[in-house]
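Hi everyone, thanks for coming. Let me put the structure up on the screen, and then we can walk through it together.

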Amino acid sequence: MNPADVRALVVEDDHSWQQILSEILTDAGLTVDVAESLEVAVARLSAASYRLAVVDLSLDRNDHHNQDGLRVLDAVRHHTPACVSLLLTGFATSEIIKDAVTQHGALACLRKEDFQRTKFRGLVNQVLAG
């Protein structure tokens with residue numbers, strides 16, 4: 001596969017996080033698409049194939065209990081089974097994290113409050129090498 005054809009999907013409702021993640025993924029050589037909601041994410045997944053998806057748990061700024069990100073993880077598995085998914089969240093309990101990995105197919109769950117660009121780059125490079 002041509003490296004220019006390797007795509008990543010960022011599913012995040014916060015514009016600043018969209019920018020941070022897109023910048024890192026673009027620097028890693030990926031073509032990045034952004035979706036700010038479950039509906040847009042499903043439409044993007046139906047239209048293209050992705051190598052990596054970075055998905056926020058809560059896709060509603062006004063409802064921190066929103067868990068549409070788990071539904072996005074399910075959509076990723078349905079539309080692009082070979083895609084590696086990472087859940088990114090500021091609101092996850094250990095139960096949600098375990099559920100995201102065991103029931104919804106996420107490779108890992110990253111907490112926004114502990115986010116480090118260097119570690120994220122390393123994880124992205126690991127995914128792309130695999």
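What share of the contacts in the protein chain with a separation of 6 or more comes from residues 24 or more positions apart? Such residues account for 63% of those contacts, where contact means heavy atoms within 4.5 Å.

Before going on, a word on the source. This is a predicted model, in which local features need pLDDT of at least 70 and side-chain atom pairs count only at pLDDT 80 or more, while totals for chains, interfaces and linings use all residues. Residues are numbered from 1 along each chain as its sequence is written, and side-chain values use heavy atoms, with hydrogens and water left out.

Now the overall picture. The protein chain has 5 helices and 5 strands; both are DSSP runs numbered from the N terminus, helices being H or I with at least four residues and strands E with at least two. Starting at the N terminus, the order is β-α-β-α-β-α-β-α-β-α. The radius of gyration, taken over C-alpha atoms, is compared with a globule rule of 2.2 Å times the number of residues to the power 0.38. For this chain of 130 residues the radius is 13 Å, close to the 14 Å from the rule, so the chain is as compact as a globular protein of that length. Along the principal axes, its C-alpha atoms fill a box of roughly 40 × 30 × 30 Å. Of the 130 residues, 46% count as buried, meaning under 20% relative accessible area, with exposed over 50% and partly exposed in between, using a 1.4 Å probe and protein chains only.

Let's look at one residue. H15 sits in helix α1, and its relative accessibility is 48%, so H15 counts as partly exposed.

How do α1 and α5 meet? The axes of α1 (residues 15-27) and α5 (residues 117-129) come within 10 Å and cross at roughly 50°. Axes are lines fitted to C-alpha atoms, for helices over the stretch in contact, and angles run from 0 to 180 degrees between N-to-C directions. Angles under 35 degrees count as roughly parallel, over 145 as roughly antiparallel, 65 to 115 as roughly perpendicular and the rest as oblique, so α1 and α5 are oblique. Residues I20, L21, E23, I24 and L25 of α1 meet R117, F120, R121 and V124 of α5.

Finally, α2 (residues 38-47) and α3 (residues 68-79) have axes within 10 Å that cross at roughly 10°, so these two helices are roughly parallel.
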